[in-house]
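Let's take a friendly walk through this protein model, stopping at a few spots along the way. Keep the sequence and the 3D view open as you read.

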Amino acid sequence: MAQLWGGRFTKETDQLVYQFNASITFDKRFYKEDIQGSIAHVMMLASVGILTEEEKNAIIKTLNEILAEVEAGTLEITEEYEDIHSFVEANLIDRLGDVGKKLHTGRSRNDQVALDMRLYTRNQILDTDEQLRELLQVILHIMKENTQTIMPGFTHLQKAQPITLAHHMGAYFEMFKRDRQRLNDIYHRMNYCPLGSGALAGTTYPLNRGLTAELLGFYGPTLNSMDGVSDRDYLIEFLSALSTIMMHLSRFSEEVIIWNSNEYQFVEIDDAYSTGSSIMPQKKNPDIAELVRGKTGRVYGALISLLTTMKGIPLAYNKDMQEDKELSFDAMDTAKGCIALFAGMLDTMKFNKDTMRKSANNGFTNATDAADYLVKHGVPFRDAHGIVGRLVLYCIDQNKAIDDCSLEELKAISPVFEDDIYDVISMETCVNTRLTVGAPSKISMEQVIALEERYLEEHPKISS
């Protein structure tokens, strides 16, 4: 078919060049945004007298018919069209003739695709935020149920101090809460309308860009037409935010994988989120967690790809910018899929609380509290540190926990120890005497949980 820009050319485009240049195979997912933007543009053109009311109504009616047919599957978006803009306009002209040719008045494909990408990204931000909120609700439920579920906290993957499962989950709640805050920031920074920027220098038509922006739910028009058609900062920011979300999911997945191992047995993943081995009948593999961890690289790749594409582009629009779509779409789909699957896996996961408790008890996680006990009885901290270090060596040699030592054994290490040491180094005491904000005690966690509940109530979605 003839291209919308064919008047300048005397020869047909080489087929290989045409296919290399075309974007219909991936930008066809813009069909709704393209029609939405076209309807707003037509309404604005009529408001300033460029179109009659009859022309406006006919175009809008036909655009809605095209939209309905695409969504019903009766009108196929095929590769005979160069891009989604060509598809919509060509179908409109086929149905309306010369009236349909007036749709493109006062706009360029440059500001059209800039609008489509912005509308699409804005919707993706809202969808991703909603999924994160659902994940946070799952995490918060686990926190509420496990303020007294003791487990080891780790540094360097070594058992460090006793915490609770609620406290551990709370760390991820904070991460994903920050992710939502980042999405909120991006939404508000990007929510300005590029339509009306033209190819790069605006237009001589008396467009009401403020009206177009209002009709499409933007705060207002972009203030520089060159930047309007060439800005992809918002997309880079969104891919960066998605990369951070995936990094958080990957860290969480890594822990689930470790916890699911035979050596830890902290969790049992539901059968619906596990797979078996084709040869080893005993296996129950954490495939979903592993795939989330693995797919993180795909999202990182999209971010680096777009940054690399944009770094050498002079103002204003260049065809390189067509490369903003495929990997970005893949990253958006990947991140949303990973969030949804991870939330489902986490929601159905069984926590082996007794195993967690025994692991904390057997890992000398109360050693710091034993040292603090000595300090509170007048022993300088550096000396107390050394005494408890020798105590740990003794326990390792005897294959026992600190709690299992008799008072005589403890006094042989330091005469400062008395009977009250056993209460001080119990797992419950170690956890529940840590009362500072953000600490793992039951009291501190209940205060934090109340704050997190209020946060979810007050921020159900990104506010426009």
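His156 is found in the loop between S1 and S2. The labels S and H stand for strands (E, at least two residues) and helices (H or I, at least four residues), which are DSSP runs numbered from the N terminus. Before going further, note that this is a predicted model, in which local features need pLDDT of at least 70, side-chain atom pairs count only at pLDDT 80 or more, and totals for chains, interfaces and linings use all residues. Residues are numbered from 1 along each chain as its sequence is written, and side-chain values use heavy atoms, with hydrogens and water left out.

How do S1 and S2 run, and how many bridges join them? The two strands are antiparallel, and six bridges join them; strands count as paired if DSSP finds at least two bridges between them. Within this pairing, Ile150 stands opposite Thr164 in S2, while Gly153 has Gln161 in S2 as its bridge partner. The hairpin has two residues between the strands. His156 has a positive phi of about 55 degrees although it is not a glycine.

Is His156 buried or exposed? Its relative accessibility is 75%, so His156 counts as exposed. Here buried means under 20% relative accessible area, exposed means over 50%, and partly exposed is in between (1.4 Å probe, protein chains only).

Phe364 also belongs in this story: this residue is not a glycine, yet has a positive phi of about 55 degrees. Phe364 lies in the loop between H13 and helix H14 (367-376).

| Residue | Relative accessibility | Class |
|---|---|---|
| Phe176 | 0% | buried |
| Thr128 | 1% | buried |
| Phe364 | 18% | buried |
| Asp287 | 24% | partly exposed |

Phe176 lies in helix H7. Which residues does Phe176 contact, leaving aside its neighbours within four places in sequence? The list is Leu132, Leu135, Leu136, Ile139, Ile245, His248, Leu249 and Phe252, where contact means heavy atoms within 4.5 Å.

Thr128 lies in helix H6. With neighbours within four places in sequence left aside, Thr128 is in contact with Leu183, Phe238, Leu242, Ile245, Lys336 and Ile339.

Asp287 sits in helix H11. Not counting residues up to four places away in sequence, Asp287 touches Tyr273 and Thr275. The C-alpha atoms of Asp287 and His168 are separated by 22 Å, and these residues are 119 apart along the chain.

## Two helices that cross

Two packed helices are described by the angle between their axes and the distance between the axes. Helix H5 (residues 84-96) and helix H6 (residues 109-145) pack at an angle of about 110 degrees, and their axes are 10 Å apart. The axes are lines fitted to C-alpha atoms, for helices over the stretch in contact, and angles run from 0 to 180 degrees between N-to-C directions. H5 and H6 are therefore roughly perpendicular to each other. Angles under 35 degrees count as roughly parallel, over 145 as roughly antiparallel, 65 to 115 as roughly perpendicular and the rest as oblique.

Where do they meet? Ile84, His85 and Ser86 in H5 meet Arg109, Gln112, Val113 and Asp116 in H6. The residues of this contact are two nonpolar, three polar and two charged. In this scheme Ala, Val, Leu, Ile, Met, Phe, Trp, Tyr, Cys and Pro count as nonpolar, Asp, Glu, Lys and Arg as charged, and the others, Gly among them, as polar.

## A helix with two sides

Which residues of helix H13 (residues 353-361) are buried? They are Met356, Ser359 and Ala360. These residues cover an arc of only 100 degrees around the axis, which puts them on the same side of H13; the arc is that of the directions from the helix axis to the C-beta atoms. An α-helix has 3.6 residues a turn, so residues three or four places apart point the same way. On the other side of H13, Asp354 and Lys358 are exposed.

The cover over the buried residues of H13 includes strand S1 (150-155), strand S2 (158-164), helix H7 (165-190), strand S4 (350-351) and helix H18 (427-432).

## A cis peptide bond

Finally, look at the bond from Leu315 to Ala316: this peptide bond is cis, with omega near 5 degrees. Ala316 is placed in the loop between helix H11 (287-310) and helix H12 (326-347).
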